[in-house]
Amino acid sequence: MEERDFEYQGPQVTPGSGSVRWSAPSNIALVKYWGKHGVQLPANPSLSFTLEACATRTELYYYPKKQTGTQPEVEVFLDGLSAPGFVPKVRQFLERARPYMPWLDQFGFRLETSNSFPHSSGIASSASGMAALALCLVELERRFYPQMPEALFRRKASFLARLGSGSAARSIDGGLVLWGEHPSINGSSDLYAIPYPGEVHAVFQEYHDTILLVDEGEKAVSSTVGHGLMHGHPYAASRFAQAGGNLERLQDILAAGDLDGFIEVVESEALSLHAMMLASTPSYILMKPGTLSIIEAIRDFRARTGNPVCFTLDAGANVHVLYPAASAGEVYPFIREVLTAYCKDGHHICDRVGTGARTFGTP
Ligand code: DP6
């Protein structure tokens, strides 16, 4: 699909009022998106596991706009409390969505949103938050245009979510999700994410992700700034090529259920992401001493016991511990007894590969 396929095709809209609800999951990248150009287009393809427990629920109330002009009329409530700090980001998102949803100009919005994970956990809520908002908007659009094909519904949600936050494009579908064009993967696109179309061995369909909250709180350098530092970065070109190569390798690994290959690629991706930060100008370090202690302990446990457990990192100090469901009996006690000592107050979240975004009844 091309960009123009996402323009509104339905009849003229008469503004009314009501609300729509969607819950969207967080995701953890195996091949990392780090570097972008144009309007939220990725420098390389990325692949993620959709999570199940970490999610954002949003109820979007809409009403005929009270003021004239094109400035979006928006209020945001987080966990029932007014959150004006989120308004500029939501406004920017609505501005970017406008060319594809011209009816937006006729409405005012109140967003009531909550995360299943604590706000201060250091887990980025931008992916799940932007995906939930994008889904609410496409759901509203479907009220004006009920003939919208189901395939377009999900794609448009991913396309719009990308405009809010790149990784949010991967928070619509479940399982393994791919965003970004790769020559060997049919249907892959820089504009939106798709369910990973390759063969996936059963072992990767039930993977666990235990998230260790090493450092709760605001990150020193935001992802958006980090992406910006990839412009003119001395290793940018080789990093983008490395990501493409790792995705290529993962295709065979995922099909074969090759756990050793998976561990090698996933850990290399995590450390390469942080290597880019270490080598940026200005340089910065998001890992904390606890992050490195956890990485060492995981590698030591794996060497000693042969359990196929590995780590990945997002753009922060927290560690995602990945392992097959079948290994949980041995791996989780090790996490609880050894690794949580490096977490603030032992905080961690037990998550697993999930099924994707859904509507919900009672907020
Ligand atoms: C390290 O999607 O948060 O988590 O597009 O600027 O909102 P923006 O960035 P964002 O970047 C995520 C980076 C990452 C890797 C990944 O999720 O692929």
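## The ligand and its shell

The residues that form the shell around the ligand divide into five nonpolar, eight polar and three charged. The model described here is a predicted one, and in it the ligand is surrounded by 16 residues, the closest of which are Tyr33, Lys36, Ser165, Gly166 and Ser167. Helix α4, which covers residues 223–228, gives the most to this shell, with three residues, while domain 1 (3–195) and domain 2 (204–352) each supply at least three residues to the shell.

For Thr224 the distance from a polar side-chain atom to an oxygen atom of the ligand is 3.1 Å, and for an N or O atom in the side chain of Gln40 it is 3.2 Å. Taken alone, the ligand exposes 460 Å², and the protein buries 93% of that.

## Two domains

The protein is divided into domain 1, residues 3–195, and domain 2, residues 204–352. The C-alpha centres of the two domains lie 26 Å apart, and across the boundary 29 residues of domain 1 are in contact with 43 residues of domain 2.

## A buried lysine and a buried glutamate

Lys156 lies in helix α3, which spans residues 150–164, and Glu141 lies in helix α2, which spans residues 126–144. Lys156 has a relative accessible area of 2%, and because buried means under 20%, Lys156 is counted as buried; Glu141, at 2% relative accessibility, counts as buried too.

Not counting residues up to four places away in sequence, Lys156 touches Phe6, Glu7, Tyr8, Tyr100, Met101, Val138 and Glu141. A polar atom of the Lys156 side chain lies 2.8 Å from the backbone oxygen of Phe6. Glu141, with its neighbours within four places likewise left aside, is in contact with Tyr8, Tyr100, Met101, Trp103, Met148 and Lys156.

## Arg302 in helix α7

Arg302 is found in helix α7, residues 289–305, where its side chain is joined to that of Glu267 by a polar contact of 2.7 Å. Leaving aside neighbours within four places in sequence, the residues in contact with Arg302 are Ile263, Glu267, Asn307, Val309 and Cys310. Arg302 and Ala24, by comparison, are 278 residues apart in sequence, and their C-alpha atoms are 33 Å apart in space.

## Backbone features in the loops

Gln40, whose side chain has already been described as lying 3.2 Å from a ligand oxygen, sits in the loop between β2 (36–37) and β3 (41–42). The phi angle of Gln40 is near 60°, a positive value in a residue other than glycine, and Gln40 is buried, with a relative accessible area of 5%.

Asp345 also has a positive phi, of about 55°, although it is not a glycine, and Asp345 is found in the loop between α8 (328–337) and β13 (348–352). At 64% relative accessibility, Asp345 counts as exposed, whereas Gln40 is buried. A further backbone feature is the peptide bond from Thr281 to Pro282, which is cis, with omega near -5°; Pro282 is found in the loop between α6 (259–278) and α7.

Notes
Residues numbered from 1 in each chain as written. Predicted model: local features only at pLDDT ≥ 70, side-chain atom pairs only at ≥ 80, totals over all residues. Heavy atoms only, no water. Near = heavy atom within 4 Å. Polar contact = N/O pair within 3.5 Å; in protein donor to acceptor, adjacent residues only side chain to side chain. Areas by Shrake-Rupley, 256 points an atom, 1.4 Å probe, with all protein chains shown as cover. Helix = DSSP H or I, 4+ residues; strand = E, 2+ residues; numbered from the N terminus. Nonpolar A, V, L, I, M, F, W, Y, C, P; charged D, E, K, R; others polar. Domains from an automatic or database assignment. Buried < 20%, exposed > 50% of the residue type's maximum accessible area, 1.4 Å probe, protein only. Contact = heavy atoms within 4.5 Å.
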